[in-house]
Amino acid sequence: MPTPRAAVIHDLSGFGRCSLTEVMPILSVMGVQCCPLPTAFLSTHTGGFEGFTFLDMTEELPRVAAHWKSLDLRFQAIYSGFLGSGRQIGIVSDFIRDFRGPDTLVVVDPVMGDDGRAYQTYTPAMCAGMAELAKLADVITPNLTEAAFLLGRDYRELPHGGSPGDEAALRELAEALSLGGRRSVAITGASLSPGRTGAMCFDARTGRTEAVQTDFVAHPLHGTGDIFASVLTGGLLRGASLAEAAGLAVEFIHDCAVRTVAQGLSLQEGVDFEPLLGRLCPR
Ligand code: PXL
């Protein structure tokens with residue numbers, strides 16, 4: 001099989017593993033060539049750090065896209081995440097329209113927030129725009145906060161695990177996010193029972209809704225959403241089903257989380273995933 005090529009549209013944060021510092025090693029080890037379009041360059045991610053630098057790359061993105069177009073580059077996947085400005089929503093939408101081929105997998109991780117709140121650099125207008133961008137996706141990977149934002153629901157009323165009705169409520173949520181079955185959905189941080197967590201997946205190819213679960217590591221960790229969406233994208237490019245790829249992602253995150261906690265790393269450092277990357281190599 002020729003090496004699949006992915007355009008990866010995320011920020012580059014120097015310290016605190018997230019976005020491109022997770023996306024690129026993960027996809028590379030899974031046998032995918034990454035072409036990065038950095039949306040911003042930050043000294044650290046924005047979760048729990050004060051005084052981070054933020055270089056907005058909005059002006060550069062259309063210039064890079066135009067050069068890539070002149071080279072007639074084709075992508076088997078276009079995968080976007082954290083965006084640096086409201087204007088980037090239109091720019092990334094144009095990129096998807098210009099570069100999408102009949103077999104291109106478009107994954108939009110609608111990165112906006114966590115724990116019911118938007119990230120520091122995300123305005124309400126950006127969150128509204130993210131919902132528009134996500135309409136172009138074949139697959140979206142929201143956490144519960146982002147699912148609430150996408151659907152205009154109250155985060156506090158979503159299923160947070162621990163109640164008997166949570167599985168049915170998560171199924172309904174995944175299906176509600178599928179735009180009438182047109183796009184696949186993997187909701188992250190979806191817990192069907194106490195002590196377990198994972199993803200609730202609606203697969204637009206089969207019309208099936210299926211949960212994948214693993215043991216919950218009760219420790220706050222940063223950057224798990226980017227690991228999830230990256231492993232999922234790599235798995236789908238390998239031909240796995242949505243639930244298979246999501247299962248691989250949640251097991252990988254679980255094992256990395258166990259390592260991270262054992263080392264007593266701070267929340268900001270992110271998940272200590274590098275030593276386990278070999279597990280994602282194609283067999
Ligand atoms: O993991 C999501 C993410 C990506 N990029 C930056 C972030 C965050 C979450 O806080 O701050 C810069």
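Trainee: Which residue in β5 is the bridge partner of A40?

Mentor: This is a predicted model, in which local features need pLDDT of at least 70, side-chain atom pairs count only at pLDDT 80 or more, and totals for chains, interfaces and linings use all residues. Residues are numbered from 1 along each chain as its sequence is written, and side-chain values use heavy atoms, with hydrogens and water left out. Strand β4, residues 40–44, runs antiparallel to β5 and is joined to it by three bridges (strands are DSSP runs of E, at least two residues, numbered from the N terminus, and two of them pair if DSSP finds at least two bridges between them). Within β5, the bridge partner of A40 is D56.

Trainee: Why is one side of β2 and of β5 left without a neighbour in the sheet?

Mentor: The open sheet is formed by three strands in the order β2-β4-β5, with mixed pairing. Because β2 (12–15) and β5 (54–56) each have a single partner strand, one side of each lacks a neighbour in the sheet, and both strands stand at the edges.

Trainee: How much of the 320 Å² that the ligand exposes when taken alone does the protein bury?

Mentor: Polar side-chain atoms reach the ligand in several places (a polar contact is a pair of N or O atoms within 3.5 Å): one of D11 lies 2.7 Å from a ligand nitrogen atom, while one of H222 lies 3.1 Å from a ligand oxygen atom and one of D226 lies 2.7 Å from a ligand oxygen atom. Of the ligand's 320 Å² (Shrake-Rupley method, 1.4 Å probe), the share that the protein buries is 97%.

Notes
Polar contact = N/O pair within 3.5 Å; in protein donor to acceptor, adjacent residues only side chain to side chain. Helix = DSSP H or I, 4+ residues; strand = E, 2+ residues; numbered from the N terminus.
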